Amino acid sequence: MLNLFKKQIPKTVNTIQFTFSSQIKKTHLNSIHREIGGKMVEFAGWDMPVKYDNLSIVESHLHTRNKCSLFDVGHMGQYRITGPDRKRFFETVVVADVHSVKLNQSKLSCFTNENGGIKDDCMFNNREDDALFLVVNAACKEKDHNHKYNNEKFKDKEYKMLIINFYQINFCRPKTMEIVEKMAKTSLRNMPFMTGRELKFDNIKVWATRCGYTGEDGFELSIEDPEQAKQLTYRFLANPLVEAAGLGARDSLRLESGLCLYGNDMDETTTPSEASLLWLISKNRKQTGGFLGDSKILSQIKNKSLVKKKRIGLLIPQGPPARQHALVFDPSGNKIGEVTSGTFSPVLKKGIAMAYVPPAFSKNGTKLQVEVRGRLFPAIVTKMPFVPAGYYKVPGDGKSKK
Amino acid sequence: MQNLTLKILTSKPKEARLITKSVFSIAQRFLTTYYTKAHEYIKIDEGKDSGKCGISDHAQQELGDVVFVDLPEKGRKISKGELSGAVESVKAVGNFYAPVSGKIISVNSELESTPSLINSQPEDNGWIIEVQLDDKSEINQLMNPEQYKKFLAEESHK
């Protein structure tokens, strides 16, 4: 979208519309990170903990899988979209069928550009207080915000998109539900995965969504008042089962769970078909389109031969982890693709990666090779998630919810 | 995330860590450890012309959980500063440069099954290669433990 407009209007127009400070930004939990031994790094312009002194990344990763971790995700972009036309507006920028999303239900979706590429991925919730609650990537905040100005179908009167400053903390399984239930003094047994509701921690009112980026059961808690966010964080950290976790564990956790990192595993040059994210596009919108780049995206759905590359999972049974930009070869030694994210899986104790290869090589079980420091190592195309997901299912609810 | 990896490799500790006590006590007995500015070490017996090389305690702390070690071939001739292996943690890759010139007379194959030895005993059982030095005077260009300690302190203030 921005590229298209560059041709017609001076580049500066976009930047005047919305400028962000170039100074490093801090979430309201920043002082807590420092206090409890966070090793701070700059991430997407934010001062964030990569890990904490008391646990190594692997230990923190395993603690999250086995007990419960607290992540500060206050750096994510958060918006509240209100107004009578909010759903119609939002459908022009994302691929989801916004109208069919039930009350208090969350949905993962993506913004697209005019070439059918993915502008950002996002999570939104259809809140009961007549608003869409939207969470986007920290690094994409600015461009997502500018995106709406480029949409001339709607005028500001018909919808409002406001930046809000909520502070989120996120926990994971399997102790999470117990811990949150005990503190909020309410049962969460009937709260399905990917839904939101209000919770009260004594005097602290929180908007909670049951979701996460680790492949586990989790809650994202949004708190309007920064002081209350800090207070609640201290209260959770006082629980011996809860450890603070940083970006390091977050990355290896999401990769084990087959979840994409925007900028690595998908970007403006990859379409939902190529990124193996077609499931983000609601059924009726695969027919009707109506989002940016729909002609390319829909034609790739109808004619699979138009898809030249596909995102796959790779398991590297022996050898070093293959990291971003490591080359992928077929068994005869022809270069066929590139790794977009790769690490060592603390659970499987093997290298795992995501890569793009031609569809002919994308079938699970296909034997490929990855190059690390000039040497080739066997890699097997593997169904993701690499580690089974622990998303919550309401007891008695036969169908598992995705 | 790529930026993140770089950050870990280049970030400075809040305060310079001291080399573990056990290393000092061994050093006091018969061995002296010498360090490079890239945080490799060679531990050498004053009476011999060979020594075990690895990455310093400081380097392993910066890298975090070591999950894979790329060992060079035994018998290979290396020159000082030559890339002679790699130490990989979950988040980052640390290149291992030869601290001295010479011939690799053994490699620590224990690291193939237990790479975490580099975290637990970096300057002891977590050694990477043993080198027969071409020229023992080369160690004069390296830092002794006192100098390395000072170097770390200076680095952390940069």
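Predicted model: local features only at pLDDT ≥ 70, side-chain atom pairs only at ≥ 80, totals over all residues.
Buried residues are those under 20% relative accessible area, with exposed over 50% and partly exposed in between (1.4 Å probe, protein chains only).

Figure 1. Of the 402 residues in chain A, 58% are buried. The chain has eleven helices and 19 strands, taken as DSSP runs (helices H or I, at least four residues; strands E, at least two) numbered from the N terminus. Among contacts (heavy atoms within 4.5 Å) between residues at least 6 apart in sequence, 66% join residues at least 24 apart. Local features need pLDDT of at least 70 and side-chain atom pairs pLDDT 80 or more, whereas totals for chains, interfaces and linings use all residues. Residues are numbered from 1 along each chain as its sequence is written, and side-chain values use heavy atoms, without hydrogens and water.

Figure 2. Eight residues of domain 1 and nine residues of domain 2 take part. The two domains bury about 710 Å² between them, 76% of it on carbon and sulfur atoms; this is the accessible area (1.4 Å probe) lost on being put together, summed over both parts.

**Figure 3. The domain 1 side of the contact in chain A.** Arg254(A), Leu255(A) and Glu256(A) supply 61% of the area that domain 1 buries against domain 2, more than any other three residues. Helix 4 (57–66) and helix 9 (247–256) each supply at least two residues of this side.

Terms used. Chains lettered and ligands numbered in written order.
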